[in-house]
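Subject: Structure for your review

Dear colleague,

Please find below the sequence and the structure that I would like to hand over to you. My findings follow directly after them.

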Amino acid sequence: MSHLISIVTENLPMLQVVLPMLAAPLCVVVHHRRATWWVALVVTWASFANSVALARKVYLEGPLSYFVGGWEPPWGIELRIDELNAFVLCLVSAICAVVLIAAPRSFDQEVESDRHHLAYAAFLLCMTGLMGIASAGDAFNVFVFLEISSLSSYGLIALGPSRRALSSALRYLIVGTLGGTFILLGVGLLYMSTGTLNLVDLQQRIPASDGHRTIVVAMVCVVVGACIKLALVPLHGWLPDAYTFAPSVVTAFLAATATKVAFYVLARFLFSVFGVASSIDRFHVDWVLLPLALVAMVYGAAAAIFERDVKRMLAYSSLSQIGYMVVGLALVTKSGLTGGIVHLVNHGLMKCGLFLAIACVVLRFGSPHLGVQRLGSTHLDRLRGLGRSMPWTSAAFVLGGLSMIGVPATVGFVSKWYLVLGAFEAGKWWVAALILFSSALAIAYVWKVVEVLYFADPPRREDEVGEAPWWVLGPTWVLVGASLVFGVWTAPTVRMASAAAEVLLPALAGAGP
Amino acid sequence: MGPGLYNYWMVIVLMMTGLYVVLARPNLVKKIMGVTIFQMSVIMLYITLGKVAGGTAPILIEGAEDVAYSNPVPHVLMLTAIVVGIATTALGLALAIRVYEEFGTLEDDEIRDAEIADAMAAEAGGAD
């Protein structure tokens with residue numbers, strides 16, 4: 001028995017990737033609707049426990065290296081877990097575990113019943129990919145896992161109830177594959193000029209060939225590829241449609257994880273692999289990323305104000321929040337980066353909560369007898385007076401919205417605090433001003449929903465609408481609750497984020513908070 | 001442009017062809033093909049950079065010294081990338097079939113028109 005335990009603890013970095021991967025075909029074989037859900041649920045919670053255990057180990061003992069199959073790095077594949085990955089891994093597995101609880105009820109309504117097992121299989125594969133990206137220690141495996149997660153997410157989006165899910169998924173596939181291939185191209189060029197794929201080796205060898213044009217092109221390719229997956233503003237075209245038409249639970253899952261992991265890839269390559277000396281000091285990637293991020297921040301929030309469909313409104317708000325994260329990265333200060341990384345988790349929690357609240361609404365309104373009108377089930381007018389008939393859902397939405405604005409005692413405030421601090425540290429007060437301006441825009445779109453929920457009269461025909469089942473409402477409140485808890489008790493997330501920022505910016509360690 | 005760079009030039013030609021098709025053609029199947037061509041160009045780049053001038057196949061020859069071997073690593077990587085590429089193309093074409101079943105067309109602009117019509121219907125339904 002103790003032998004078994006030691007095998008498990010030694011292989012923790014691999015298990016969290018392998019477990020969902022093995023469970024995915026199992027789901028297809030099992031086929032039964034509820035049984036596959038139980039398989040997926042057990043596996044995601046096991047992975048979550050695994051990442052928490054791993055994170056604890058990393059904080060106590062420092063970064064971990066794991067050699068797949070016992071082969072050492074120059075030949076074998078390395079998984080490397082440091083403070084940054086551990087944080088991202090915890091977020092991804094936590095979101096997977098919580099979202100999956102809400103999945104069966106929501107799938108029952110939105111996904112055809114003979115496809116549930118496939119949906120869970122794709123969900124687990126997507127999780128495999130995301131966990132893999134976050135733990136991979138070499139550049140090529142980042143690409144492979146990225147494609148695993150992308151391919152399964154196209155499938156998940158295409159499961160959406162309207163026909164537009166199909167066209168959105170196909171457009172996302174075309175753009176997303178270009179993004180993935182750009183990363184592959186960048187990795188190839190890196191291998192060409194350094195002769196290694198291992199991220200740590202790359203980090204050591206790149207300064208030697210600093211300024212070599214191949215390295216510059218590689219950097220451009222990786223940044224473009226990562227920004228496509230991240231949906232940074234000029235490359236965001238796929239996101240609003242994909243989020244709007246995917247099944248509600250899938251949207252909640254992808255919004256909280258996929259773009260966050262892409263942000264991780266961007267940060268890891270710019271700061272760890274290329275290094276600040278090369279990416280920022282020499283080639284000024286921040287001069288490109290900062291303006292784009294600021295445009296994203298304002299454009300996303302402004303577009304959200306004019307949107308009449310709540311799900312799409314939240315998708316645009318995601319664009320804006322992605323802008324915040326990239327601003328944190330492009331400021332290149334300790335506080336800014338801490339803000340960006342803490343916002344990665346904070347935004348994951350609150351946006352996932354909001355999308356699950358929308359899932360509750362859809363569950364009540366989008367019943368199949370509405371036919372074509374199912375499409376409009378997240379239209380703002382459908383939410384009229386819902387504050388009375390669905391008090392818990394509405395309250396969750398309001399709290400999530402407050403967090404989106406950045407009201408004190410919510411997680412949104414914590415991340416914006418560090419971002420503004422970072423902006424002043426970098427001497428860019430106008431960045432801070434724009435952050436506040438974009439938050440003011442967030443008030444406008446959140447208020448628009450609050451007004452409809454609480455101050456509009458409900459249409460008489462839908463008086464009989466009741467509260468959503470606790471299977472969906474529970475996870476929503478777990479996430480909204482987490483966004484309040486970590487808004488007040490900021491120590492754990494901020495400490496993890498600043499440890500992660502120190503990994504990325506070792507030269508600046510000591511400065512900042 | 002020496003003969004040694006011929007492959008790299010072809011990589012660039014293929015890459016630009018692929019990107020052009022994706023950006024300029026409204027037909028979704030053509031877009032998928034454009035993506036595939038783009039992926040193939042990157043695969044060709046990897047294959048090319050594994051080649052060592054005068055190198056032979058990377059199978060250890062017992063007793064022989066001073067033999068130059070080609071680098072097998074990029075080739076092995078591309079086995080994975082080819083699998084990824086096939087999976088992507090297959091999924092893309094499968095989705096294209098479903099899109100054609102639902103929309104009756106594969107032209108992106110016509111699909112957009114149909115989507116706008118859907119959105120208007122939903123707006124009307126949502127507003128009751």
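Chain A contains 21 helices and two strands. The radius of gyration of chain A is 22 Å, close to the 24 Å that the globule rule gives for 513 residues, so chain A is as compact as a globular protein of that length. Please bear in mind that this is a predicted model.

The C-alpha trace of chain A spans about 70 × 55 × 40 Å along its principal axes. Of the 513 residues in chain A, 64% are buried. Among the contacts in chain A with a separation of 6 or more, 79% are between residues 24 or more positions apart.

Domains of chain A

Chain A is divided into two parts, domain 1 (11-283) and domain 2 (295-513). The centres of these domains, taken over C-alpha atoms, are separated by 22 Å. Domain 1 of chain A contributes 40 residues to the contact, and domain 2 of chain A contributes 45 residues. On the side of domain 1 that touches domain 2, the elements giving two or more residues are helix 4 (83-110), helix 10 (238-245), helix 11 (248-273) and helix 12 (275-282) of chain A. Helix 11 of chain A gives the most to that side, with 14 residues. By class, this side of domain 1 of chain A has 26 nonpolar, ten polar and four charged residues.

Contact between the chains

Between the two chains, 36 residues of chain B are in contact with 31 residues of chain A. On the side of chain B that touches chain A, two or more residues each come from helix 2, helix 3 (73-103) and helix 4 (108-127) of chain B. Helix 3 of chain B provides the largest share of that side, 15 residues. The residues on this side of chain B divide into 23 nonpolar, six polar and seven charged.

A residue in a loop of chain B

B:Pro26 is located in the loop that lies between helix 1 (6-24) and helix 2 (28-49) of chain B. Leaving aside residues up to four places away in sequence, B:Pro26 touches B:Glu107, B:Asp108 and B:Asp109. B:Leu5 is 21 residues from B:Pro26 in sequence, and the C-alpha atoms of the two are 33 Å apart in space.

With kind regards

Conventions:
Residues are numbered from 1 along each chain as its sequence is written. Chains are lettered from A and ligands numbered from 1 in the order in which they are written. This is a predicted model: local features need pLDDT of at least 70, side-chain atom pairs count only at pLDDT 80 or more; totals for chains, interfaces and linings use all residues. Helices (H or I, at least four residues) and strands (E, at least two) are DSSP runs, numbered from the N terminus. Two residues are in contact if their C-beta atoms, placed from the backbone, lie within 7 Å. Domain bounds come from an automatic or database domain assignment. Ala, Val, Leu, Ile, Met, Phe, Trp, Tyr, Cys and Pro count as nonpolar, Asp, Glu, Lys and Arg as charged, and the others, Gly among them, as polar. The radius of gyration is taken over C-alpha atoms; the globule rule is 2.2 Å times the number of residues to the power 0.38. A residue is buried if 20 or more other C-beta atoms lie within 10 Å of its own, exposed if 12 or fewer, and partly exposed in between; C-beta atoms are placed from the backbone.
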